[in-house]
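Please look over the sequence and the structure shown below, and keep both in view while reading.

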Amino acid sequence: MAPDLFTPCMIGKFNLSHRVVMAPMARCRAIDEIPLPAHAEYYAQRATEGGLLISEATIISDTAAGFPGTPGIYTEEQVEAWKKVVDAVHSKGGIIFCQVYHAGRASNHVYQPGGAAPVSSTNQSISNKWKILMPDNTLNVYHKPRALQTHEVWQVIEQYRLAAKNAIRAGFDGVEVHAAHGFLIDQFLKDSINDRMDEFGGSIENRCRFLMEIIKVVVGEIGTDRTGVRISPAIDYIDATDSDPLDLGLVVIERLNKFQDKLGSKLAYLHVTRPRFMAASPEEEDEDEEARLMRAWRRAYQGTFMLSGGFTRELGMKALVDGDADLISYGRLFISNPDLIHRFKVDAPLNGYNRETFYTQDPVVGYIDYPFLDQENGEVTH
């Protein structure tokens, strides 16, 4: 029988009891890049026995931020704070991966040490049609980046290794390398951005090298079965486009397929974002073209394939039944429905979400105060 959202699944060494994954989502609640007790409550609310959660994008260095309230995983204090979050998830029987990332040029001087220029694969700026969220919740422009020198690229690769090591020290079950959505790794992958002349630029093979070197050191540090990757070859976000997204995805996947340990274990999963992630409504995307891309990558990838981007319960079920994915990740629905798994199981109505509180710094409102299905008389039962 074809799997559905509630069919068990194996990823790496982990037995999942269902196929609904909490997608990584920036929530802006950290203070001085350190998770708070509210983070532990937030993730624990959404944890289920044998369910997979992926943390919000977590920065690998002091140059990596591009958003207010972003937590890090590069200092001892950050590691100690994450331990409390991970312990809270594990107490509910959940599994949690840490998404490690670097914003690259998707930043502003205010997020950089000493007000320096953000670093990237290029000196090209993100166009002014895109705006960055500032610490005071106003919008501003992305600042002109500085292209990393070749020796600096290798230093950033090392930062990813250390971040993965720290994530496991904090108790995370694995790491998702964020290579999507126009952030640093995507800035190396996409030919509209990467204009380098060294071994990390030019041919599609060279543009993929940065990601592959990162995966190599992360796998070497924590193992293949604890390592996931997220890519978005077809998404146009913050000017991150490629002239041939199909081939870019296939070349990346061909190389990811080669990662396996001596026992034959492959990467935990490949996480791909559909173009409708950026659409105000699914009708704004060419669904035939999107399906062609996703299915080509699905066929090419020799491991667990996760999809995200605008899924409902019904669309998630259909994608699994049709064989288009092994796992479905949900973002906004998880924000407003801490008990999303239960609601999906009984096909119950869902809470609506409030976009205005997605990225505020309030540790309660819009974060841990959404009601559970069995809330009565103003009391939330956990």
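## Surface and overall form

The accessible surface of the protein chain comes to about 15200 Å², and 51% of that surface belongs to carbon and sulfur atoms; such areas come from the Shrake-Rupley method with a 1.4 Å probe, and for residues only the protein chains shown count as cover. This is a predicted model, in which local features need pLDDT of at least 70 and side-chain atom pairs count only at pLDDT 80 or more, while totals for chains, interfaces and linings use all residues. Residues are numbered from 1 along each chain as its sequence is written, and side-chain values use heavy atoms, with hydrogens and water left out.

The protein chain has ten helices and 15 strands, where helices (H or I, at least four residues) and strands (E, at least two) are DSSP runs numbered from the N terminus. Its radius of gyration, taken over C-alpha atoms, is 19 Å, close to the 21 Å that the globule rule gives for 382 residues, so the chain is as compact as a globular protein of that length; the rule itself is 2.2 Å times the number of residues to the power 0.38. Along its principal axes the C-alpha trace spans about 60 × 45 × 45 Å.

## Burial and the nonpolar cores

Of the 382 residues, 56% count as buried, a word that here means under 20% relative accessible area, with exposed meaning over 50% and partly exposed lying in between (1.4 Å probe, protein chains only). A nonpolar core is a set of buried Ala, Val, Leu, Ile, Met, Phe, Trp, Tyr and Cys residues joined through side-chain atoms within 4.5 Å. The largest such core has 101 residues, and those with the most contacts inside it are Val177, Phe210, Leu211, Leu256 and Tyr330. Helix H5 (residues 204-222) supplies the largest share of this core, ten residues. Apart from it lies another core, of 13 residues, including Leu16 and Ile95.

Glu213 is found in helix H5 and is buried, with a relative accessible area of 13%. Leaving aside neighbours within four places in sequence, Glu213 is in contact (heavy atoms within 4.5 Å) with Trp154 and Ile157.

Among the buried residues of H6 are Leu246, Gly249 and Leu256. Setting aside neighbours within four places in sequence, Leu256 is in contact with residues including Met212, Ile215 and Leu267.

## An enclosed strand

Two strands pair if DSSP finds at least two bridges between them. Strand E12 (residues 227-231) pairs with E13 in the parallel sense over four bridges, and Ile231 stands opposite Val272. E13 also pairs in the parallel sense with strand E14 (residues 305-308), over four bridges, and there Thr273 stands opposite Ser308.

## Ser336 in helix H9

Ser336 lies in helix H9 (residues 332-336) and, at 0% relative accessibility, counts as buried. Beyond its neighbours within four places in sequence, Ser336 is in contact with Asn351, Gly352, Tyr353 and Tyr370.
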